[in-house]
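Subject: Structure handover

Hello,

Please find the structure below. My notes on it follow.

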Amino acid sequence: MRRLLALLVLAWSGTLPGGNAVAAGELPAFEVVVDDGVFKPARIEVPAGRRVKLVLINKGPGPLEFENDEMRIEKVLSAGARSFVVLPKLKPGEYDFVDEFNPITGELKVIAK
């Protein structure tokens with residue numbers, strides 16, 4: 001029982017070989033590169049009614065604080081870091097994300113259709 005529990009924890013955390021691949025295979029994934037506070041692409045379309053994974057790559061010289069207050073999503077990445085967030089099932093519409101460290105240039109619009 002302990003072994004099964006340990007395997008489940010490892011698979012959930014993504015440290016089990018193949019754990020990330022299984023999770024990534026189940027969710028539509030979208031890559032977003034942030035370079036010096038500018039999101040590329042600045043707009044992405046995602047399927048409405050499904051959870052989606054946003055893979056964030058910070059290529060800028062400074063940190064990135066990816067945030068959407070309504071969804072209570074916040075992720076801080078150091079320069080050169082890569083990480084991801086999973087968005088909840090979205091209703092059709094537009095959702096704005098910002099880089100709190102670059103609020104003027106750091107905007108990403110997620111459009112759920």
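Start with Ile111, which lies in strand E9. Helices (H or I, at least four residues) and strands (E, at least two) are DSSP runs, numbered from the N terminus. Ile111 counts as buried because its relative accessibility is 8%. Buried here means under 20% relative accessible area, exposed over 50%, and partly exposed in between, with a 1.4 Å probe and protein chains only.

Before going on, the ground rules. This is a predicted model, in which local features need pLDDT of at least 70 and side-chain atom pairs count only at pLDDT 80 or more, while totals for chains, interfaces and linings use all residues. Residues are numbered from 1 along each chain as its sequence is written, and side-chain values use heavy atoms, with hydrogens and water left out.

Which residues does Ile111 touch, leaving aside its neighbours within four places in sequence? They are Arg43, Ile44, Glu45, Val46, Gly93 and Glu94. Contact means heavy atoms within 4.5 Å. Ala48 is 63 residues from Ile111 along the chain, yet their C-alpha atoms are separated by 8.4 Å.

Now the sheet around E9. Five strands form an open sheet with mixed pairing, in the order E3-E9-E8-E5-E6. Two strands pair if DSSP finds at least two bridges between them. E3 (43-46) and E6 (73-77) are the edge strands, each pairing on one side only. Neighbouring strands are turned by 20 degrees against each other on average, direction ignored. The axes are lines fitted to C-alpha atoms, and angles run from 0 to 180 degrees between N-to-C directions. E8 (residues 93-99) and E9 (residues 107-112) run antiparallel, joined by six bridges. Phe97 has Leu108 in E9 as its bridge partner.

There is also an open sheet of four strands. Its order is E2-E1-E4-E7, again with mixed pairing. The edges are E2 (38-40) and E7 (82-87), each pairing on one side only. Twist averages 25 degrees from one strand to the next. Three bridges join E1 (residues 29-35) to E2, and the two run antiparallel. Val34 has Phe39 in E2 as its bridge partner.

Finally, the whole chain. It has two helices and nine strands, in the pattern α-α-β-β-β-β-β-β-β-β-β. Of its 113 residues, 35% are buried. Among contacts with a separation of 6 or more, 56% link residues 24 or more positions apart. The chain exposes about 7,300 Å², with carbon and sulfur atoms supplying 57% of it. Areas come from the Shrake-Rupley method with a 1.4 Å probe.

Best regards
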